[in-house]
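The structure comes first, then my notes.

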Amino acid sequence: MDLDLLVVLVAALWGAATGALLPRAAYRFSAPSGEAWRERCPQGHPVRGWLGRARCGQCAAGEPSSGPRAAGDPASGPRPAGDPSSGPRPAGESSSGPPAEGDPASRSRPAGNPASRPRPAGDPASGPRPAGEPSPGPGAEGDPASAPRPAGDPSSGPRPAGQAVYGPRTTPLALLTALVCAALAAATGVRPELAVWLLLAPAGVLLAAVDLKVRRLPDPLTLPLAGAALALLGLAALLPEHAGEWTTALLGALALGAGYLLLFLINPAGMGFGDVKLALTAGAVLGWYGWPTLMLGTFAGFLLGAFYGGALLVARRASRKTAIPFGPFLIAGAFLGVLAGAYAA
């Protein structure tokens, strides 16, 4: 087998394996603004660990919630005042036996009140049944309790396995990461920087998934990723046959970060500060192959974002003031720029 083909195959397998570990981290980092990450599944069960499938074993087994529900769950808030299930009954109300004195239900009904008339035979609320009338069993025709419950009804028993999945599906993330890693291997070939691209690619897919979900780029990922990119490229620059320059990678990170910071200061509503921090990583990987690659990748990111926003406007799914997540397009532009720079080198 040709060496280049073997490298592409190994890179694809690496991407599939690492991408399959991303769903749980993608769910945990897709937290509302103000929270660092999620600690529980939507049903309130604790989520342990960061890598692996986004699937709760306790939900699959139908176990009750062991803690507070995730933010936004209607069942997690306080009950409204007057809700019978919200606390002790009010004074004068009895939980069993006849109504308390003064209770409207205890007054005698006037003649002609429909509620005072005898109920028709077969009415479940009619009290003792007439002699000779058989009592309908639980499976009697017309009995609401006999109808099959719809799939997914919480009262029908343990939840089906599909309800245990609380985050992104494993297969799409694994396939996407595998394709990204295979393309990087095909363009880069057997060069030291390929190891850097393969290590950074799963983190880029994770950041894109989180930004698309909640329109935020978590600080625990963006800044450490920029430092890791520069450190790994510094190691690659010490190895023979590399095709880039670490100095331009460092300068590229500073230049692109400064450019995005300027855009953020000019229009904070159109550019998030998370994009500024992510631009440091994009500038480092693009600057590795030189300034033309840096300019190409930056332009590609803005072009992809403009196409996406334009498509939403045409489809009338957004207005000119609608905020869109720019992180995925920044990452996609850096990916395309690295492919072009690696192939040209």
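**Entry 1: α1 and α4.** I began with the cut-off for directions: an angle over 145 degrees between two N-to-C directions counts as roughly antiparallel. I also noted that the model is predicted. I then looked up helix α1, residues 3-19, against α4 and found that their axes cross at roughly 150° and come within 7 Å. α1 and α4 are therefore roughly antiparallel to each other. I wrote down the handedness of this crossing as right-handed.

Next I listed who touches whom. On the α1 side I found Val7, Val8, Ala11, Ala12, Trp14, Gly15, Ala16, Thr18 and Gly19. On the α4 side the partners are Leu173, Ala174, Thr177, Ala178, Cys181, Ala182, Ala185 and Ala186. Sorted by class, this contact has 13 nonpolar residues, four polar and no charged.

**Entry 2: α4 and α5.** I moved on to α4 (170-188) and α5 (193-214). Their axes come within 10 Å and cross at roughly 150°. This pair, α4 and α5, is therefore roughly antiparallel as well. The crossing of α4 and α5 is right-handed.

From α4 the contact uses Leu173, Leu176, Thr177, Val180, Cys181, Leu184, Ala185 and Thr188. From α5 it uses Glu193, Leu194, Trp197, Leu198, Ala201, Pro202, Val205 and Ala209. I counted the classes as 13 nonpolar, two polar and one charged.

**Entry 3: α5 and α6.** How far apart are the axes of α5 and helix α6? I found 9 Å, with a packing angle of about 170°, and α6 spans residues 219-237. That angle makes α5 roughly antiparallel to α6.

α5 brings Glu193, Val196, Trp197, Leu199, Leu200, Ala203, Leu206 and Leu207 to this contact. α6 brings Leu221, Thr222, Leu225, Ala229, Leu232, Leu233 and Ala236. The classes here are 13 nonpolar, one polar and one charged.

**Entry 4: the largest pocket.** The largest pocket has a volume of about 690 Å³. It is lined by 31 residues, and Ala269, Gly270, Ala323, Ile324 and Pro325 are the closest to its centre. Which elements give two or more residues to this lining? I found α8 (273-287) and α9 (291-314). The largest share, seven residues, comes from α9. By class I noted 14 nonpolar, nine polar and eight charged residues in the lining.

**Entry 5: the second largest pocket.** I looked up the volume of the second largest pocket and got about 490 Å³. Of its 23 lining residues, Leu200, Ala201, Gly204, Ile331 and Phe335 are the closest to the centre. α4, α5, α8 and α10 (327-344) each supply at least two residues of this lining. α5 gives the largest share, eight residues. How many charged residues does this lining have? It has no charged residues, with 21 nonpolar and two polar.

**Entry 6: cross-check.** I went back over my lists for residues of α5. Ala201 is in the contact with α4, and Ala201 is also among the residues closest to the centre of the second largest pocket. Leu200 is in the contact with α6, and Leu200 too is listed among those closest to that centre. Trp197 and Glu193 of α5 are in the contact with α4, and both are also in the contact with α6.

Technical notes: Residues numbered from 1 in each chain as written. Predicted model: local features only at pLDDT ≥ 70, side-chain atom pairs only at ≥ 80, totals over all residues. Heavy atoms only, no water. 1 Å grid on protein atoms, 1.4 Å probe; cavity = no way out; pocket = protein on both sides within 12 Å on 5 of 7 lines; lining within 4 Å. Points joined across faces, edges and corners; volume = space filled by probe spheres on them. Helix = DSSP H or I, 4+ residues; strand = E, 2+ residues; numbered from the N terminus. Nonpolar A, V, L, I, M, F, W, Y, C, P; charged D, E, K, R; others polar. Axes fitted to C-alpha atoms, helices over the stretch in contact; angles between N-to-C directions. Parallel < 35°, antiparallel > 145°, perpendicular 65-115°, else oblique. Left-handed = near helix turned anticlockwise from the far one by under 90°. Contact = heavy atoms within 4.5 Å.
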